[in-house]
Amino acid sequence: MEDRAINTVISTNVAPVAAAKTPSMLEIEGKFRLSGQVQISGAKNSALAILAGVVLCSQTCRLRNVPNLVDVNRMGQILESLGIQLQRQGDTLELDATDITQGQAPYEVVSQLRASFFIIGPLLARLGTAQVPLPGGCAIGARPVDLHVRGLQAMGAHVQIEHGVVNAYAPQGKLKGAKIYLDYPSVGATETLMMAATLADGETCIENAAQEPEVVDLANFCRSMGARIKGAGTKTIWIEGVSQLHSTDYEVIPDRIEAGTFLVAAAITQSELLLNRVIASHLTPVIAKLEETGAKVIKEGERQLRLLPAERILPTDIETLPYPGFPTDMQAQFMALLTVADGNSMVTETVFENRLRHVAELQRMGANIRVKGNIAIVKGVPLLSGAPVLATDLRASAALVLAGLAAEGTTTVQDLQHLDRGYEQLEVKLRNLGARLTRIESVS
């Protein structure tokens, strides 16, 4: 395929978020207990995949409970660059994908958002052709797209990577159903290939598929448009291709990682909190580990969880694993909690090889952590001390905020663009719970 120059001017109707102002730091005054209740926003990782899935529908879609985040807005910009019309009203997005004017995603946005690569599956399924730059995102380790590419090739796509752009097309303009085995249960590859298969000729089987709730949410969204998908949430997913998908009105699930972060915020500050709009079953491994530290997590009413803190935080060991194991996206926050536990804990990171960079920042605050390879030995200390720290990725940012809430004195968390990618108004929600923290914008 010929390489065409990408020269896209992006204008979006998505409401701007605070990160557009390039914030410089978050100043946190520690040792204040939290109280009250907090509402959990829609799941970032679900919303990103579902927005990519809108490409499959040649009609209009309404998405509800969509968080207003930098990453979500970037995905909205990508959709608009393809010709999709988008309007936001509160947490609801109205999208019209009737006319897709091109199958080429803009480098300027894709390079900042790893989830943007998901768009390649729906574009190939809908148009029979796609040109998508290799993605960017958090620098937490190698997350290659080879599983995506091999799966698309199994469905008959011709794929070439040239000058940092993945060029793909389907002969005769249509993908074919295939049997695909994933070497690793990658969430992104599972979602990309599941979307691609919805409009393919014949039946596709994805084996060793990711089982995360976000995969199930995407499957439910596609089913609401008429897709035929079975087995989402298990290791084997079957998709029978259909000729087209129709309009839908769909609500994104709550964000289990945001919910887990607030549960840890309550535990580390020894506070009682009520979380609204959560799905407890999505948090099973996080709840189990919190209870091992002495906290109690009680299910109250429909989609409500209450955390009752422990008088003494107990140590425990965690090992990150694909779902239903302990989520890698909660590792950093949980490590912050273990720094003030009464005893020694071990944290083993098995999903990403470069996801312990927050250790050095926690050590600045007085944490006693020793790292060997992908294992961190955490010896609990009586008290953390406020310090200037640097956010290294999205979840590390949250961990440093949590540590700041528990620390003596003032903590300043710098480089907040990571935090704004994945948490909707985190500091506003924490302030409403009684935390003392202030966002300080950079002075140009």
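Helices here are DSSP runs of H or I with at least four residues, strands are runs of E with at least two, and both are numbered from the N terminus. Everything below comes from a predicted model, where local features need pLDDT of at least 70, side-chain atom pairs count only at pLDDT 80 or more, and totals for chains, interfaces and linings use all residues. Residue numbers start from 1 along each chain as its sequence is written, and side-chain values use heavy atoms, with hydrogens and water left out.

View 1. Leaving aside residues up to four places away in sequence, D329 touches N45, I257, R355 and R395, where a contact means heavy atoms within 4.5 Å.

View 2. L147 is buried, at 13% relative accessible area. Skip residues up to four places away in sequence, and L147 touches L182, D183, Y184, S186, A189 and L193.

**View 3. Four strands make an open, mixed sheet.** The strand order is β4-β5-β3-β13, and two strands pair if DSSP finds at least two bridges between them. β4 (85–89) and β13 (248–251) are the edge strands with a single partner each, so one side of each has no neighbour in the sheet. On average, neighbouring strands are turned by 15 degrees against each other, direction ignored. Zoom in on β3 (residues 60–64) and β5 (residues 92–96): they run antiparallel and are joined by four bridges. C61 has L95 of β5 as its bridge partner. Helix α2 (residues 70–81) packs on the sheet, touching β4 and β5, and its direction makes about 150 degrees with that of β4. Helix α7 (residues 213–224) packs on the sheet too, touching β3 and β13, at about 160 degrees to the direction of β13. Axes are lines fitted to C-alpha atoms, for helices over the stretch in contact, and angles run from 0 to 180 degrees between N-to-C directions.

**View 4. Helix α8 packs alongside α10.** The axes of α8 (residues 256–268) and α10 come within 10 Å and cross at roughly 5 degrees. That makes the two helices roughly parallel, a label for angles under 35 degrees, with over 145 roughly antiparallel, 65 to 115 roughly perpendicular and the rest oblique. On the α8 side the contact uses I257, T261, V264, A267 and I268, and on the α10 side Q333, F334, A336 and L337. These residues divide into seven nonpolar, two polar and no charged; Ala, Val, Leu, Ile, Met, Phe, Trp, Tyr, Cys and Pro count as nonpolar, Asp, Glu, Lys and Arg as charged, and the others, Gly among them, as polar.

**View 5. Helix α9 also packs with α8.** Helix α9 covers residues 284–292, and its axis is 11 Å from that of α8, at an angle of about 10 degrees. G260, L263, V264 and A267 of α8 meet V286, I287 and L290 of α9. Buried residues of α9 include P285 and K289. Just after α9, G294 has a positive phi of about 110 degrees.

Note on methods. Buried means under 20% relative accessible area, exposed over 50%, partly exposed in between (1.4 Å probe, protein chains only).
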